[in-house]
Amino acid sequence: MFLKLEGIKGLGLGLVFKRIDPHLHYCSRSNRRPNFINCTSRFNFEFSRSLTCSSNLLNSSNDREYLHVSKIPTYHFQKSLPKLPIPELEKSCQRYFNAQLPLLSETEHKEVQRIVKDFQNGEGRELQKELVESDRKNKDSNYVSDVWFDMYLKDRRSVVLTHSPFLTFSDDPRPEYNTQLIKATNMLISSVRMMKTIRDEKLEPEVFHLNAAKSNTETFRTVCRLIPRSFSCYGAYLFKAFPLDMSQYKNLFNSCRIPRSEKDELFTDTNAKHILVMRNGHFYVFDMLDKEGNIIPENEVLSHLKFILENQISPPEFPVSALTTENRDIWTRARIQLINADPRNENKLRIIESAIFVLCLDDDQPKDPNDLSRKFLYGDGINRWFDKSFQLILTKEGTAGVNLEHSWGDGVALLRYIKEVFKDSIHNSLVNPNTTASSTANSDQKVQRLELRLDPYIKETITKAMQRFKEVTSTLDVQHLQYQKLNKKDIKNAKLSPDSVMQLVIQLAHYRMFGKNVGTYESCSTSAFKKGRTETVRPCTIATDAMCKILYCGNRNGQNNLMEGLRHCSTIHNQLTKEAAMGQGFDRHLFCLKKLSEQKGLSLPIFSHHSYSNLNHIILSTSTLTDPSIQFGGFAAVTPNGFGIGYGVEDTFLGFNVTTFPACSAQDFIECCERSLDQILEIIKG
């Protein structure tokens with residue numbers, strides 16, 4: 001996932017709920033394992049398990065309108081969440097210099113050390129004071145939030161590939177339920193149930209349990225519910241349970257990114273009751289809620305979707321949806337022209353933008369993981385509306401996935417959505433293979449197909465957008481690897497962090513190909529803080545550099561201590577992860593100081609020196625996610641000469657899903673990953 005400094009992805013998916021400690025986890029909602037590579041899409045989510053179990057709820061999820069009814073209101077902890085801390089300037093400078101060490105020559109080390117010291121003792125102090133003072137006045141957010149939103153919304157590049165990671169659902173264990181129509185109906189109903197559960201504050205709050213056996217209990221919920229919201233988090237801390245930020249959940253449904261001049265708008269309309277369904281590039285809408293706000297009957301939903309699937313109208317010659325793949329300035333001008341061409345277009349655009357979400361029903365079925373990655377990452381560019389907060393996509397044979405627009409949030413809310421919908425659509429299926437469509441649904445009247453009036457300028461813009469989309473997406477290479485000789489249990493038995501081992505594999509693979517270290521990005525959630533987003537973990541360290549030189553540069557001095565080298569990599573990586581999760585990384589801090597310096601018209605050596613841009617030119621953009629509800633995911637490389645690397649660590653295998661552009665080879669990288677895994681296996685097995 002791809003939260004970026006200079007285009008860095010963060011999946012934001014980003015995001016990857018990366019474990020703070022390899023032994024900490026959420027209690028799982030399901031024992032079923034995914035059937036392919038559990039890797040993320042650019043989201044970099046930090047924790048990989050579900051937060052709650054069904055026993056946590058006041059009533060059964062058989063209540064038709066809700067997934068469940070939580071004893072603790074959804075946003076109960078939000079007000080008392082701690083603010084994201086601003087790191088000490090001296091510590092950020094030292095951490096920045098440490099991250100530079102594997103990338104620079106000895107001469108450059110001395111130069112950068114001098115530049116960093118001058119910044120720390122000079123202009124940096126004044127900028128730090130100003131940042132702290134500004135943050136002190138900002139009671140409801142944090143020092144990163146606003147500039148991070150601006151980073152996304154001011155980006156004029158197309159959101160496709162740049163801001164659109166994907167995740168796919170694991171299959172329903174009941175094959176007869178995996179048809180497109182049945183699965184789409186059940187997932188649509190479950191999705192609306194989740195929307196209502198959030199809106200009415202009945203969704204179980206997001207909580208990280210340090211010891212779930214002691215804190216994920218009815219006693220915990222009863223006590224926390226009685227504590228006033230203004231300091232409820234502190235009551236949770238007594239149980240060693242840590243509530244997470246849920247501010248992004250409000251942008252999950254009925255939301256859309258709208259192209260605007262200079263900076264896009266995040267739009268939400270919670271009054272809208274309709275769903276947008278796309279098929280063959282056409283727009284269909286129908287209400288999912290009745291006048292009383294209740295979900296319409298399931299056989300009526302089935303009828304409406306069946307009506308849409310049976311509509312054999314050909315794809316439009318000029319699909320308006322292709323405009324969402326364009327450069328944001330071009331799309332802004334086109335949207336204005338659409339409204340000028342016919343005033344009725346404005347209302348139709350608002351219907352699209354305010355829909356609960358977009359359900360994309362595709363007419364083809366990719367047969368292998370690489371084709372599936374392309375399908376869910378960008379598709380044909382026609383049967384999508386990439387500006388929606390998320391798109392639920394179903395192939396002809398019922399494979400389901402989600403494509404995320406990244407500006408509104410990272411992976412926390414989306415991961416919860418996937419888990420809840422996966423579970424609910426299976427355990428509380430309202431539609432089965434024997435369900436018949438309603439004979440009184442009047443789908444031909446209640447399902448509306450939207451058609452926008454186009455003038456010659458719009459038609460030409462759409463044609464160019466389709467051409468550019470094909471040119472860009474056709475250059476993306478996608479490859480995957482499933483490695484079964486080594487697994488999570490093997491790594492843990494060797495007293496190593498699985499995440500650190502996978503990150504070392506990535507470093508070794510790149511070093512094998514190019515013989516050097518490069519800027520590497522792994523996102524870490526800061527959702528333990530109010531409106532927290534992400535911080536960067538820098539997996540390229542002096543420890544990984546040492547291992548690369550031992551294995552590939554003939555440094556025989558370390559041959560007898562290879563296992564010790566692996567442990568050293570684990571120790572450093574775990575420390576960096578803990579610092580990032582606690583808001584003590586350096587990337588976001590320096591990013592905000594850089595923005596402040598630019599506002600003051602300053603050009604500071606620490607930011608203008610090539611070492612800063614080199615560190616933030618992300619060659620290796622990485623993220624991971626393992627969960628029973630997720631089959632696999634992916635995202636595009638964030639630089640023309642880089643790699644987008646999703647990876648997963650399972651009990652029976654390790655997996656990689658890699659993307660790159662023509663400057664590099666995804667297949668070569670996969671092969672180098674496999675050879676590096678063989679080397680680590682030899683070390684672990686002795």
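Me: Where is Glu-201 found?
Reply: Happy to start there, with the note that this is a predicted model. Glu-201 has a positive phi of about 55 degrees although it is not a glycine. Its relative accessible area is 26%. As for its place, Glu-201 is found in the loop between α5 and β2 (207-209).

Me: And Lys-531: is it buried, exposed or partly exposed?
Reply: Lys-531 is not a glycine, yet its phi is positive, at about 55 degrees. This residue is found in the loop between β13 and β14. Buried would need under 20% relative accessible area and exposed over 50%. With a relative accessible area of 34%, Lys-531 is therefore partly exposed.

Me: What is the order of the strands in the open sheet of six?
Reply: Let's begin with the edges, β12 (477-483) and β14 (534-537), each of which pairs on one side only. On average, neighbouring strands of this sheet are turned by 25 degrees against each other, direction ignored. The pairing is mixed, and the order is β12-β18-β17-β15-β13-β14.

Me: At what angle does helix α17 run to β17?
Reply: Two helices are worth a look here. Helix α19 (residues 562-581) lies across β13 and β14, and runs at about 160 degrees to β14. Helix α17 (residues 498-514), for its part, lies across β13 (520-525), β15, β17 and β18 (654-660), and its angle to β17 is about 145 degrees.

Me: How many residues does the second, separate core have?
Reply: One of the residues with the most contacts inside the largest core is Met-288. Leaving aside neighbours within four places in sequence, Met-288 is in contact with residues including Leu-188, Ile-189, Val-192, Val-301 and Ile-356. The second core is separate; among its members are Ala-494, Leu-496, Leu-562 and Phe-643, and its residues number 44.

Me: What is the handedness of the crossing of α10 and α15?
Reply: Helix α10 (residues 328-341) and helix α15 (residues 456-473) pack at about 150 degrees, and their axes are 10 Å apart. That makes α10 roughly antiparallel to α15. Ile-330, Arg-333, Ala-334, Gln-337 and Leu-338 in α10 meet Tyr-457, Ile-458, Thr-461 and Arg-468 in α15. The crossing is left-handed.

Me: Which residues of α12 are buried?
Reply: Seven of the nine residues of helix α12 (residues 369-377) are buried, so this helix is largely enclosed by the rest of the structure. The buried ones pack against strands, among them β1 (166-169), β9 (390-394), β10 (400-404) and β16 (630-634). They are Pro-369, Asn-370, Leu-372, Ser-373, Lys-375, Phe-376 and Leu-377.

Me: Why is β6 largely enclosed by the rest of the structure?
Reply: Both faces of β6 are covered, with His-274, Leu-276 and Met-278 on one side and Ile-275, Val-277 and Arg-279 on the other. Strand β6 (residues 274-279) is largely enclosed because six of its six residues are buried.

Me: Which residue stands opposite Leu-276 in β8?
Reply: β6 pairs with strand β7 (residues 282-287) in the antiparallel sense over six bridges. These two form a hairpin with two residues between them, and Asn-280 in the turn has a positive phi of about 55 degrees. With strand β8 (residues 358-361), β6 pairs in the parallel sense over three bridges. There, Leu-276 stands opposite Val-358.

Technical notes. Residues are numbered from 1 along each chain as its sequence is written. This is a predicted model: local features need pLDDT of at least 70, side-chain atom pairs count only at pLDDT 80 or more; totals for chains, interfaces and linings use all residues. Side-chain values use heavy atoms; hydrogens and water are left out. Two strands pair if DSSP finds at least two bridges between them. Helices (H or I, at least four residues) and strands (E, at least two) are DSSP runs, numbered from the N terminus. Axes are lines fitted to C-alpha atoms, for helices over the stretch in contact, and angles run from 0 to 180 degrees between N-to-C directions. Contact means heavy atoms within 4.5 Å. A nonpolar core is a set of buried Ala, Val, Leu, Ile, Met, Phe, Trp, Tyr and Cys residues joined through side-chain atoms within 4.5 Å. Buried means under 20% relative accessible area, exposed over 50%, partly exposed in between (1.4 Å probe, protein chains only). Angles under 35 degrees count as roughly parallel, over 145 as roughly antiparallel, 65 to 115 as roughly perpendicular and the rest as oblique. A crossing is left-handed if the near helix is turned anticlockwise from the far one by less than a right angle, and right-handed if clockwise.
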